[in-house]
Amino acid sequence: MVAVKETLDQVQTVEKYKYGFVTDIEADQAPKGLNEDIIRFISKKKDEPSWLLDWRMKAYEHWLGMKEPDWAKVGYPKIDYQDAFYYSAPKSGDDGPESLDDVDPEILETYKKLGIPLHEQEVLAGVKNVAVDAVFDSVSVATTFKEALSKEGIIFCPISEAVKDHPELVRKYLGSVVPYSDNFFATLNSAVFTDGSFVYIPKGVDCPMELSTYFRINASNTGQFERTLIIADEGSKVSYLEGCTAPMRDENQLHAAVVELVVLGDADIKYSTVQNWYPGDENGVGGIYNFVTKRAACRGKNSKVSWTQVETGSAITWKYPSCILQGDNSVGEFYSVAITNNCQQADTGTKMIHLGKNTSSKIIAKGISAGRSQSTYRGLVKMMPKAEESRNYTQCDSLLIGKKCGAHTVPYIESRNQSAKVEHEATTSKIADDQLFYCRQRGISEEDAVALIVNGFCRDVLQELPMEFAVEAQKLVGISLEGSVG
Amino acid sequence: MLEINNLHVNVGETQILKGLNLKINSGEVHAIMGPNGAGKSTLSYVLSGRAGYEVTEGTISYQGKNLLDMEPEKRAGEGIFLAFQYPVEIPGVSTMNFLKAAVNSVRKYRGDKEFDAMEFLKFVREQTKILNISDDMLKRAVNVGFSGGEKKRAEVLQMAVLDPILAVLDETDSGLDVDALRIVGEGVTALRSSKRSMLVITHYQRLLDYIIPDVVHVLSSGKIVDTGDKNLALELEKNGYEIYSEAVA
């Protein structure tokens with residue numbers, strides 16, 4: 001009987017995090033540890049030009065003199081940066097596959113299990129109109145719809161490929177929003193980043209389909225350091241989505257990504273994230289450390305950027321997608337749902353730096369804490385002297401489930417001019433017993449009721465997601481809160 | 001179909017129901033009237049399975065099953081519906097989504113195929129048409145910003161879509177003006193059928209002008225102290241509840 005119960009428990013855990021399987025493929029790994037040779041190894045594997053290797057080396061030197069930040073409200077044992085692999089690639093095809101036929105079938109199977117369509121005909125047959133770049137451990141394994149997009153002049157490819165094919169663009173913009181010296185994790189990323197997506201939307205082009213990247217960590221003990229760079233040239237428009245999953249493992253794995261968005265005059269980038277990295281088990285064993293730097297520079301007049309994030313995974317999330325509103329009349333938006341359950345910790349929020357005249361920003365952050373988890377909203381709104389007539393509206397709502405979790409709100413506001421307006425509203429609430437009973441009296445189970453109520457609480461944010469992903473995100477909200485009541 | 005025997009219920013240390021007996025047959029409409037604090041709402045919560053109401057003695061048999069063993073959602077699946085005196089707000093959840101979640105949960109429990117979005121839309125529009133409720137209500141968040149009358153009409157709509165076997169209406173007339181009372185009363189009456197029993201809990205006779213009961217009970221100090229036909233309600237309206245409190249004292 002004990003064995004039967006164990007099996008049942010096992011199955012249940014697997015059910016909870018259904019992306020927690022491991023794909024058995026041969027991997028090509030760099031030796032463990034971090035030093036100049038490893039960085040040279042990565043750069044060589046990618047066949048990079050010398051300017052990029054130099055840039056990586058500068059970042060590495062800088063990193064050696066940096067201290068890991070400790071101001072966030074998260075706690076974890078000291079990370080041994082020498083005890084991880086910094087490069088892992090599926091063995092077939094060192095420089096990435098030429099077409100899907102070259103991709104290891106095991107990997108294709110993995111993406112199929114994840115529900116990510118890599119065959120274009122499958123996509124065309126389905127409802128989703130999405131071009132996908134799939135990154136498996138350290139390399140991009142497939143990018144779909146490349147040709148259809150290139151007809152519009154749109155570049156959508158792995159960043160390692162962009163370095164070779166479009167060096168002028170990469171060199172001009174890489175590190176221009178998040179410099180290599182920015183912060184401990186971003187600097188580490190600059191030294192060792194392996195792959196990620198590159199997007200360029202030419203002047204005046206409205207990208208005809210959703211672009212998306214799916215990241216998956218597969219190899220054990222491997223850090224994932226991807227770097228995404230998106231440039232929206234004048235008057236262009238694009239919607240981009242990233243999704244992430246990882247196998248269930250007992251050890252913690254580091255994910256330190258950097259995302260840079262460059263938005264020129266009258267351009268518009270909508271960047272959505274559904275983050276579902278493995279969160280660890282009920283007792284806080286394992287899970288991903290998601291330490292990510294995301295920043296957008298609204299460089300031109302009337303430019304706009306909108307971040308939407310649904311953060312349900314990871315053992316620890318440390319992430320503040322930010323907007324530098326440099327161009328006059330530029331607009332920055334941040335819509336966030338952060339759900340923590342069991343022992344998860346999330347310290348997330350945004351920075352809105354208003355530089356230009358008449359710039360505006362809006363922050364809607366919803367934090368849901370359950371189990372013994374801790375969730376913190378941390379945000380900065382800064383009105384610089386020239387940001388005349390600029391405005392910000394911030395709304396932070398926290399929802400608590402149970403008695404052992406915590407929710408914290410840490411808003412920083414700095415205004416250096418008289419004409420700027422900053423508004424901040426915050427609420428903290430609990431799921432009321434009478435709400436649960438009302439739902440249950442209507443036949444809805446307790447778990448479904450929690451999912452329904454939480455989805456209602458997050459509605460303002462979820463409705464910002466592209467249609468194709470809103471339904472998935474709603475389900476994810478329910479799944480990530482399973483076992484949080486009763 | 002419902003048989004309550006010698007029901008004793010405590011809320012905390014206080015005994016609220018003290019040996020209540022009640023029998024309802026299929027298709028009958030029973031009214032329970034009584035003064036404030038008699039235990040009317042307690043009865044509705046015990047029937048629907050709300051936590052915090054401890055049954056210390058007695059039994060409730062519903063369609064031959066022991067009701068007290070069932071979780072609230074199971075009771076709903078078995079066909080028990082409670083129209084709340086104070087319907088609860090659920091911000092951000094549209095009435096349409098809420099109804100769909102409820103109806104599909106109950107259909108699943110009963111072994112029926114769940115409705116997809118289109119099927120449900122068609123189904124719910126038929127019901128709103130019968131009850132003369134505007135589809136606008138479906139788009140609004142559950143009970144959020146609803147007037148007293150709208151809340152009660154939404155309860156009647158929920159009752160219609162969930163198609164209960166036993167509907168318990170807890171002070172459905174509270175907070176309603178005369179016009180709203182008539183509309184809600186007519187809505188409930190439209191849902192009367194030979195397969196559906198109703199337990200109408202009310203303080204005043206006025207609701208019973210619209211929902212004509214087959215049997216009227218008087219609940220006082222935790223017990224049924226009198227039972228009669230609809231004329232009993234009219235007498236109560238005239239004479240008040242005082243004679244019962246004296247009888248008990």
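Entry 1. I looked up how strand β11 of chain B is joined to its neighbours, and I found that β11(B) and strand β12 (residues 223-228) of chain B pair in the antiparallel sense over 5 bridges. I note here that this is a predicted model. Within this pairing, B:Ser220 has B:Lys223 in β12(B) as its bridge partner. The two strands form a hairpin with 2 residues between them, and B:Ser221 in the turn has a positive phi of about 50°.

Entry 2. I then looked for another partner, and strand β3 (residues 29-33) of chain B is joined to β11(B) by 4 bridges, the two running parallel. In this pairing B:Met33 stands opposite B:Val218 of β11(B).

Entry 3. Is β11(B), residues 215-220, mostly covered or mostly open? I found that 6 of its 6 residues are buried, so by the cut-off used each has under 20% relative accessible area. In a regular strand the side chains alternate between the two faces of the sheet. Here B:Val215, B:His217 and B:Leu219 point one way, while B:Val216, B:Val218 and B:Ser220 point the other way.

Entry 4. Last, I looked up the largest pocket, which has a volume of about 1,400 Å³. Its lining has 36 residues, and A:Leu452, A:Asn455, A:Gln474, B:Asn97 and B:Ala101 lie nearest the centre. Elements that give two or more residues to this lining include α11 (446-457) and α13 (467-480) of chain A, and α3 (95-109) of chain B. I recorded the lining residues as 13 nonpolar, 12 polar and 11 charged.

Notes:
Residues are numbered from 1 along each chain as its sequence is written. Chains are lettered from A and ligands numbered from 1 in the order in which they are written. This is a predicted model: local features need pLDDT of at least 70, side-chain atom pairs count only at pLDDT 80 or more; totals for chains, interfaces and linings use all residues. Side-chain values use heavy atoms; hydrogens and water are left out. On a 1 Å grid over the protein atoms alone, a cavity is a set of points where a 1.4 Å probe fits but cannot get out, and a pocket is an open set with protein on both sides within 12 Å along at least five of seven lines; lining residues have an atom within 4 Å of a point. Grid points are joined across faces, edges and corners, and a volume is the space filled by probe spheres set on the points. Ala, Val, Leu, Ile, Met, Phe, Trp, Tyr, Cys and Pro count as nonpolar, Asp, Glu, Lys and Arg as charged, and the others, Gly among them, as polar. Buried means under 20% relative accessible area, exposed over 50%, partly exposed in between (1.4 Å probe, protein chains only). Two strands pair if DSSP finds at least two bridges between them.
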